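This report covers salt bridges first, then the fold and the surface.

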Amino acid sequence: MKVDLAEMIGQLRTELTEAMRAGADSELRFEIGTVELELAVQVQKEARPGAKVRFWVVEAGVDTAVSSVSTHTIKLSLDPRHVSAPDRSPLISGAEVDGERR
């Protein structure tokens with residue numbers, strides 16, 4: 001299953017927003033620093049006029065069988081900001097999830 005890069009980043013945004021809401025009334029909160037993602041992506045462009053280049057997030061180590069698709073590793077650094085306070089990092093908190101890295 002391919003996951004569009006924009007969809008994956010959108011889901012990350014949703015999860016961080018939910019964590020902010022969950023921790024709004026907590027005594028202990030955490031400031032979000034730079035969010036770094038290292039992803040294996042496939043870069044694909046169809047062979048037709050006006051076709052867009054698409055970035056698909058893939059599982060690391062996946063082989064590609066189609067010669068027009070290549071797999072690359074990219075690293076993104078995101079600096080989250082809330083629209084109401086763009087000059088500071090937002091605060092998050094929430095319940096611990098099984099398997100979560102600390």
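D79 is partly exposed, at 45% relative accessibility, where buried means under 20% relative accessible area, exposed over 50% and partly exposed in between (1.4 Å probe, protein chains only). The side chain of D79 meets that of R81 in a salt bridge of 3.0 Å, N to O; R81 is partly exposed at 37%. A salt bridge here is a side-chain nitrogen of Lys or Arg within 4 Å of a carboxyl oxygen of Asp or Glu.

The model is predicted: local features need pLDDT of at least 70, side-chain atom pairs count only at pLDDT 80 or more, and totals for chains, interfaces and linings use all residues. Residues are numbered from 1 along each chain as its sequence is written, and side-chain values use heavy atoms, with hydrogens and water left out.

The whole structure holds two salt bridges. The other joins K75 and E36 at 3.3 Å, N to O. Because K75 sits in strand β5 (residues 69–78) and E36 in strand β3 (residues 35–45), this pair ties together parts 39 residues apart in sequence.

| Residue | Relative accessibility | Class |
|---|---|---|
| K75 | 54% | exposed |
| E36 | 49% | partly exposed |
| R81 | 37% | partly exposed |
| D79 | 45% | partly exposed |

The protein chain has one helix and six strands, in the order β-α-β-β-β-β-β. Helices (H or I, at least four residues) and strands (E, at least two) are DSSP runs, numbered from the N terminus. Of its 102 residues, 21% are buried. The chain exposes about 8,100 Å², 51% of it supplied by carbon and sulfur atoms; the areas come from the Shrake-Rupley method with a 1.4 Å probe, and for residues only the protein chains shown count as cover.
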